[in-house]
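Hello,

I am handing over the structure we talked about, together with some notes on what was found in it. Please open it beside this message, so that you can look up each residue as you read.

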Amino acid sequence: MSTRALSESGGVIGTSQIKPRMGGPGNPNYSFKVSSREFRSASLGVGTTHLVGRLFEDVTGPTEVGGLIIQPSFRGHKGKPGRFLSFVRFHFIGLHRALFGDRLLAEMMARVSNDGDNLFWDHIGRKFIPVRYAEADRFCQHNRKFIEELMPKDDLYLSLLPLEVLNQVAQVSPETVPARRLLEKLGFEYKGFIDPFDGGPHLEVMTDNVALVRDTRRTKVGAGATESK
């Protein structure tokens, strides 16, 4: 399901999207679970901490909120169309609660170059899936089986990445920062899961903990007033 906002001229200024279920049994949604691993030498009296990522298969079928795109000329607009497009998704979920999962997921967009490349993909994913980032992302629209077939199931030491790549892990693109802040105000949290392709953070929240969902109601306003003569 997608929504869109229109300008006074009738032109589309933005869209937002809801996917009722992201994967499920037999069709997992993939991410990297990021955690810290500590090593210590008693003989040397020193230790190190490494950031590791492991491929994670989620078969619970959460609802994904995404696809929030605003025309650049309307970003920061006093009418706040981005806020409207974001919030209307949660009202829709509240009105049709039975159609959606008990957990909401937002896969936030990481930084992608003008040429459609991504540093995290080039240093991790492309080593195992030898195609460009844009191609791999397009493949996912049809079938994600190749992720399980080609990506390793072992721990990947992210701390071995170049610093410029490591600093982008769980970070969003500059254009996505306002969307992330908006979701975090609604209760979404980063819980250590990132996109296995671009390294962007996955934010999540229990559906019924979002006030916009929980407090949405259907109600009868009343009959329309008749004009007196």
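Predicted model: local features only at pLDDT ≥ 70, side-chain atom pairs only at ≥ 80, totals over all residues.

The largest nonpolar core has 23 residues, and those that touch the most other members are Phe32, Phe120, Trp121, Ile124, Ile147, Ile194 and Phe197. Two or more residues of this core come from each of strand E3 (29-41), helix H2 (119-128), helix H3 (133-140) and H4.

If residues up to four places away in sequence are not counted, isoleucine 147 touches Tyr30, Leu55, Cys140 and Phe197. Leucine 55, for its part, belongs to strand E4 (residues 46-58), and because its relative accessible area is 11%, under the 20% limit, it is classed as buried. With its neighbours within four places in sequence left aside, leucine 55 is in contact with Tyr30, Ser31, Phe32, Ile147, Met151, Pro152, Lys153 and Pro196. One of these contacts, phenylalanine 32, is 23 residues from leucine 55 along the chain, yet the C-alpha atoms of the two are separated by 4.6 Å.

The aromatic rings come next, and the count is 7 aromatic pairs. In one of them, phenylalanine 32 and phenylalanine 120 are arranged edge-to-face, with 6.4 Å from centre to centre and 65 degrees between the planes. This pair links distant parts of the chain, since phenylalanine 32 is in strand E3 and phenylalanine 120 is in helix H2, 88 residues apart. Both partners are buried, phenylalanine 32 at 1% relative accessibility and phenylalanine 120 with a relative accessible area of 3%. Phenylalanine 139 and phenylalanine 146 form another edge-to-face pair, at 6.0 Å centre to centre and with 85 degrees between the planes; here phenylalanine 139 is partly exposed at 35% relative accessibility, whereas phenylalanine 146 is buried at 14%. Trp121, Phe139, Phe146 and Phe197 form one aromatic cluster. A charged residue also meets a ring, for lysine 33 lies over the face of phenylalanine 193, at 4.6 Å from the ring centre.

That leads to the charged residues. Side chains of opposite charge can pair when their charged atoms come close. In this model the count comes to 12 salt bridges.

Within helix H4 (residues 145-150), lysine 145 and glutamate 148 are 3 residues apart, about one turn of the helix, and they form a salt bridge whose closest N and O atoms are 3.6 Å apart. Lysine 145 is partly exposed, at 43% relative accessible area, and glutamate 148 is partly exposed as well, at 29%.

In helix H6 (residues 177-185), glutamate 184 and arginine 180 are 4 residues apart, again about one turn of the helix, and the closest N and O atoms of their salt bridge are 3.0 Å apart.

Finally, salt bridges link Arg37, Arg54 and Asp155 in a network.

With best wishes

Key
Residues numbered from 1 in each chain as written. Heavy atoms only, no water. Salt bridge = Lys/Arg side-chain N within 4 Å of Asp/Glu carboxyl O. Buried < 20%, exposed > 50% of the residue type's maximum accessible area, 1.4 Å probe, protein only. Core = buried A, V, L, I, M, F, W, Y, C linked by side-chain atoms within 4.5 Å. Contact = heavy atoms within 4.5 Å. Phe/Tyr/Trp six-rings, centres within 6.5 Å; stacked < 30°, edge-to-face > 60°. Lys NZ or Arg CZ within 6 Å of the ring centre and 35° of its normal.
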